[in-house]
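Dear colleague,

I am passing on the structure we spoke about, and I would be glad if you could look it over with the notes that follow it.

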Amino acid sequence: MAVSLSKGQKVDLTKTNPGMTKVIVGLGWDTNKYDGGTDFDLDSSVFLLGDTGKVTSESDFVFYNNTTGANGSVVHTGDNRTGEGAGDDEQVKIDLANVPANIQRITFTITIHDGEARNQNFGQVSNSYVRILNEDTGEELIRYDLGEDFSIETALVVGELYRHNGEWKFSAIGSGYQGGLAALAKDFGLQVG
């Protein structure tokens, strides 16, 4: 039975699942069909953060154009441009045992591609969630449904895996940003064009 989280809650991942090292982080969403005529393209991205809360290099930003990071221990499975269908829209596979020691936090985000230009925001997106599955068994361990709290934001930090006393924990963050991916990237220490 999955642990269902609310915004701000934290939960142990590896301590309560001893021996488990490989997880899949699934992200999903639905777009409201009645809003505007332009298709939505939502993207999940992962920031691999050091002690400072910043990336240490551009390779610590994992997304559809850079699908592998952390020496191969974090793999984005690719871009879903429509959000159609049931189940996860995008997934990230993580081998927790092999994440380099300098990476303290793995932060998951969802952004709306060209959201500002297309006049789109997360108020037009529903059923957003992040969930963590045991890769070996397919069992859903943790789920965080974001709810409908965002009206002007074009980027969301949904949650993060982080190290604590040698174990991995998950934090449900649910913070919205204006400025899309560029604003997030800047906050996490990337230089954006």
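To begin with one pairing in this predicted model, strand β1 runs parallel to strand β11 (residues 140–145), and the two are joined by three bridges. Within that pair, V3 is found opposite I142 of β11.

Both strands belong to an open sheet of seven strands with mixed pairing, whose order is β1-β11-β10-β3-β8-β7-β6. Its edges are formed by β1 (3–5) and β6 (68–69), each of which has a single partner strand, so that one side of each is left without a neighbour in the sheet.

Further along that order is β3 (residues 22–31), which is mostly covered, since eight of its ten residues are buried. Towards strand β10 (residues 125–134), β3 pairs in the antiparallel sense over eight bridges, with L27 having V130 as its bridge partner there. Towards strand β8 (residues 90–95), the pairing of β3 is likewise antiparallel and rests on six bridges, and here I24 stands opposite K93.

The other element I would point out is helix α1 (residues 180–187), where G180, L184 and A185 are buried. Viewed down the axis of α1, the buried residues fall within an arc of 135 degrees, and they therefore line one face of the helix. Among the elements that cover these buried residues of α1 are β4 (42–49), β9 (105–112), β12 (155–164) and β13 (167–177). Just after α1 comes G189, whose phi is positive, at about 95 degrees.

With best regards

Notes. Residues are numbered from 1 along each chain as its sequence is written. This is a predicted model: local features need pLDDT of at least 70, side-chain atom pairs count only at pLDDT 80 or more; totals for chains, interfaces and linings use all residues. Side-chain values use heavy atoms; hydrogens and water are left out. Buried means under 20% relative accessible area, exposed over 50%, partly exposed in between (1.4 Å probe, protein chains only). Helices (H or I, at least four residues) and strands (E, at least two) are DSSP runs, numbered from the N terminus. Two strands pair if DSSP finds at least two bridges between them. The arc is that of the directions from the helix axis to the C-beta atoms. Contact means heavy atoms within 4.5 Å.
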